[in-house]
Amino acid sequence: MSNPWERIPLQDYENHMKLPSVQQLQKLNKIMKSQIYKYKISTIAILGIAGGNGLEFIDNSRIKTVYGIDINKNYLDICNEKYKNLKDCLVLKKLDLSNLSNDLPKVDIVIANLFIEYIGIDIFIKQLSKNFPQYVSCVIQKNPDINFVSDSPYIKSFDEISLLHKDIEKASLVKAMNTIGYSLIFSEEYLLPNMKKFIRLDFTDKQN
């Protein structure tokens, strides 16, 4: 059975995310720049890379390999075409990480923005536990009694993925990460239009 994310046109997704009433694409772009360069790393895995928002910040003289992972092959094809300048370091992989037979690549940092909501905390930490990246940086969304997907002209495109979505609580994620040896080292909140919030949480593996 295919995943609903495989049926959402990238143009609908990105146009929705950058609407003035949503502004999530723009905010995630700024957050991604910090995620890439806050820590001393050379290999990155970006989960749910879609069209590659934020890849323009990759300096391939500093970053050796960027794995862009997504379940939608069309997203990856567009991303590949858009970022030909990164051909020496960008490795795009079509993977369904909700299936535990698929593995994350071994990297210094895993970046998972608005991603854990679609596979759940349990599967996320099981994937991390296979090779324990030194850092994990993720963004979750806090919704004040409104739908996870903001209202927009593109809302019908998101009907199916709304069925996959799971609300992620900061405390629950921190607790789960602690159980596999990760400590929270950075936390920041960003207010969005219509009173939603992004919560960025960065973790490090105590063993590293």
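Partly exposed describes a relative accessible area between that of buried residues (under 20%) and that of exposed residues (over 50%), computed with a 1.4 Å probe on protein chains only. This briefing concerns a predicted model, in which local features need pLDDT of at least 70 and side-chain atom pairs count only at pLDDT 80 or more, whereas totals for chains, interfaces and linings use all residues. Residues are numbered from 1 along each chain as its sequence is written, and side-chain values use heavy atoms, leaving out hydrogens and water. The structure holds 6 salt bridges, each defined as a side-chain nitrogen of Lys or Arg within 4 Å of a carboxyl oxygen of Asp or Glu.

**Lys-130 and Asp-103**
- A salt bridge joins Lys-130 to Asp-103, with 2.5 Å between the closest N and O atoms.
- This pair links distant parts of the chain, 27 residues apart: Lys-130 lies in the loop between α5 (121–128) and β5 (135–142), and Asp-103 in the loop between β3 (90–94) and β4 (109–113).
- Helices (H or I, at least four residues) and strands (E, at least two) are DSSP runs, numbered from the N terminus.
- Lys-130 is partly exposed at 35% relative accessibility, and Asp-103 is partly exposed at 45%.

**Lys-142 and Glu-169**
- Lys-142 forms a salt bridge with Glu-169, the closest N and O atoms lying 3.1 Å apart.
- Distant parts of the chain are linked here, 27 residues apart: Lys-142 belongs to strand β5, and Glu-169 to the loop between α6 (159–164) and α7 (170–179).
- Lys-142 has a relative accessible area of 36% and is therefore partly exposed; Glu-169 is partly exposed at 40%.

**Glu-189 and Lys-197**
- The side chains of Glu-189 and Lys-197 form a salt bridge at 3.2 Å, N to O.
- Glu-189 counts as partly exposed because its relative accessibility is 44%, and Lys-197 is partly exposed at 32%.
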